[in-house]
Amino acid sequence: MRRAAFLRRRAFLVSRSTTTTAMALSSSAFHALFKSSSRISWKSTGKLQQTLAGSLEKAGVGLHSGEVATVKIRPHLAGGGRCFDLRSRLVPASIDHVEESPLCTTLSKDGCRVRTVEHLLSALEATGVDNCRIEVVGLDAGDCDVEVPILDGSAGEWVEAIEGVGLEVAKDACGNSLEKMAPYLDEPVHVRRNDSFVVAFPSSQVHISCGINFPHVPSIGCQWFSSSIEYDSFYKREIAPSRTFCIYEEVEKMRSSGLIKGGSLENALVCSADKGWLNPPLRFDEEPCRHKALDLIGDLSLFARCGSQGLPVGHVVAYKSGHALHAGFLRCLL
């Protein structure tokens, strides 16, 4: 009897020791993923990682492909981050998988490709959806080259859908929650291409400033938008509703290049150099510039890893920048 009790006690202690060691190793391995560099320090946000409290679904036409696709976004494990699911083949929403493409951000891995991810990722980053699986299915269910629907050209419908299902603390496979980390800028960083640039300075909070300049289109001209980012209410009210835009005189050139096949006056603002806006009213005086801020947030979200915040904590200033320059900036941080 005594020997049996002793053996049970020893088995319990060994089991507890093994579990504790495994958890310690898991925690150690998790934090090892956030190794700081001379430009970036990873620090805790003081928050736990989140995921969706349920699933959501939206369907629509792709801006460039013109093809209809359905997006289903499901909860994901803590530490899993945001990833696209194409026929059970995962493409992480990471700068490591960005493929340069005109007028949109494209992710690709192992022969799978998903285009125009920036509006959706902007909404997910800003509303705090740190972990989720995003299934994108086109009319051909076996297609591994798809495009996220443009919806109304903004991120507003994504934000509303996310709010509709709500958020909850994410758990890993062992039922544990994980802290949410964020990248803090330790020194100024900049990239430029001709007269376009992205520059960032250390700051105690996330702050973005975006500038555009269309001197040949007087109704747009030179615009600036600058603000610190309060993720939920501010983003929903001041940035998410801003729609993508184009110059009327450039439409045929873009279409002849195989772009904007799904573009229309219902999902994009169109401005003529001579006649001004063809489909007013604007939602904001500087709506084009605010949309650039929306795009910037979506592209910078690609710096996230394992459920962390993607947006660098610092003041990021972007002038006449595009998706390729945003990706170049993130690679510079790496």
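Modeller: Rings of Phe, Tyr and Trp (its six-membered ring) pair if their centres lie within 6.5 Å; planes under 30 degrees apart are stacked, over 60 edge-to-face, and the rest tilted. This is a predicted model: local features need pLDDT of at least 70, side-chain atom pairs count only at pLDDT 80 or more, and totals for chains, interfaces and linings use all residues. Residues are numbered from 1 along each chain as its sequence is written, and side-chain values use heavy atoms, with hydrogens and water left out.

Colleague: Fine. Which residues form the aromatic cluster?

Modeller: Phe197, Trp224 and Tyr319.

Colleague: And how many aromatic pairs are there?

Modeller: Four. In one of them, phenylalanine 214 and phenylalanine 245 have ring centres 5.8 Å apart and planes at 80°, so they sit edge-to-face.

Colleague: Where do those two phenylalanines lie?

Modeller: Phenylalanine 214 is in strand β16 (residues 207–214) and phenylalanine 245 in strand β18 (residues 245–247), so the pair ties together parts 31 residues apart in sequence. Strands here are DSSP runs of E, at least two residues; helices are H or I runs, at least four; both are numbered from the N terminus.

Colleague: Buried or exposed, those two?

Modeller: Both phenylalanine 214 and phenylalanine 245 are buried. Buried is under 20% relative accessible area, exposed over 50%, partly exposed in between (1.4 Å probe, protein chains only).

Colleague: What about tryptophan 224 and tyrosine 319?

Modeller: That pair is stacked, at 5.7 Å centre to centre with 10° between the planes. Tryptophan 224 is in β17 (residues 221–228) and tyrosine 319 in β21 (residues 314–319), so the pair links parts 95 residues apart in sequence. Tryptophan 224 has 45% relative accessibility, so it counts as partly exposed. Tyrosine 319 has 16%, so it counts as buried.

Colleague: Why does cysteine 246 count as buried?

Modeller: Because its relative accessibility is 16%. Cysteine 104 is buried too, because its value is 3%.

Colleague: Last one: which residues of α3 are buried?

Modeller: In α3 (residues 156–165), they are Gly156, Trp158, Val159, Ala161 and Ile162. These pack against β2 (50–52), β3 (56–61), β4 (68–75), α2 (118–127), β12 (167–169) and α4 (233–239), with contact meaning heavy atoms within 4.5 Å.

Colleague: What follows α3?

Modeller: Glycine 166, with a positive phi near 80°.
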